[in-house]
Amino acid sequence: MKIWTSEHTFQHPWETVTQAAWRKYPNPMNPAVEAIDIVDRKVSNGVLQTHRLISSQWGLPGWASRLLGADKTCYASEHSEVNPQKKVMTLLTKNLTFCNEVSVVEKLTYSPHPSKVDCTLLKQEAVVTIKNVPLSSYIEDYLTGIISSNANKGRQAMEWVIGKINNEVQELTQKTVKGMDEFTVTAKKGISVVEDLTTSAKKGMNEFNHFAEESLPNLHFEK
């Protein structure tokens, strides 16, 4: 059995990082992940609980494929919880493919950094166990190395997704400002038209009153 642990600090608030975690795949940094399907999702006591099925390519070398069996697409089950009150997001993933020979259990925890404002601390832990297969220790070391490499790619992917989110927010803000500006211009034009109509109406009334004042004294009514 091999245990791998790691910590990483994102220079972004917890809300932004957890949003990026949901949108992490697909990404160009780790194309091995082919698909993610939601099996179940519910809210219990204010906690969002989600079960997802992850399809990916392990990219095993030939000797490992011969020992374990060559499955082209590998599957894993992921259970996650998001507690918005405590600001904690946990993801627990376990492989389904090769589960009789290989057990890979990975846990990720996202929480606000205890000492850095607007930063998020990611804690990762993976436990790799090989059963009933020759060279088990060697395979455990190999898989642990893959997990470490994928963790680095995953952090890069998170930054990539966060960049996309920030761009989307900026574009939405620009569209909102543009829309408000257009609304303001249209409203000003409408007000100007109303003011012109009001001015014309007042002018017409003044002219009518002036005409009436001049004309009425000169009118003679027959008895």
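In this predicted model, E140 lies in helix α3, which spans residues 136-215; helices (H or I, at least four residues) and strands (E, at least two) are DSSP runs numbered from the N terminus. Residues are numbered from 1 along each chain as its sequence is written, and side-chain values use heavy atoms, without hydrogens and water. Local features need pLDDT of at least 70 and side-chain atom pairs count only at pLDDT 80 or more, whereas totals for chains, interfaces and linings use all residues.

E140 is buried but forms no salt bridge. Buried denotes under 20% relative accessible area, exposed over 50% and partly exposed in between (1.4 Å probe, protein chains only); a salt bridge is a side-chain nitrogen of Lys or Arg within 4 Å of a carboxyl oxygen of Asp or Glu. The nearest side chain of opposite charge to E140 is K2, at 5.2 Å. A polar atom of the E140 side chain lies 3.1 Å from the backbone nitrogen of M1. Leaving aside residues up to four places away in sequence, E140 touches M1, K2, V128, T129 and I130 (heavy atoms within 4.5 Å).

Helix α3 also gives the most to the lining of the largest pocket, with 9 residues. Other elements that give two or more residues to this lining include β3 (47-56) and β7 (120-130).

S44 is in strand β2, residues 33-44, and is partly exposed because its relative accessibility is 28%.

Note on methods:
Lys and Arg count as positive and Asp and Glu as negative; His and the chain ends are not counted. A polar contact is a pair of N or O atoms within 3.5 Å; within protein, one must be able to donate a hydrogen and the other to accept it, and residues adjacent in sequence count only if both atoms are side-chain atoms.
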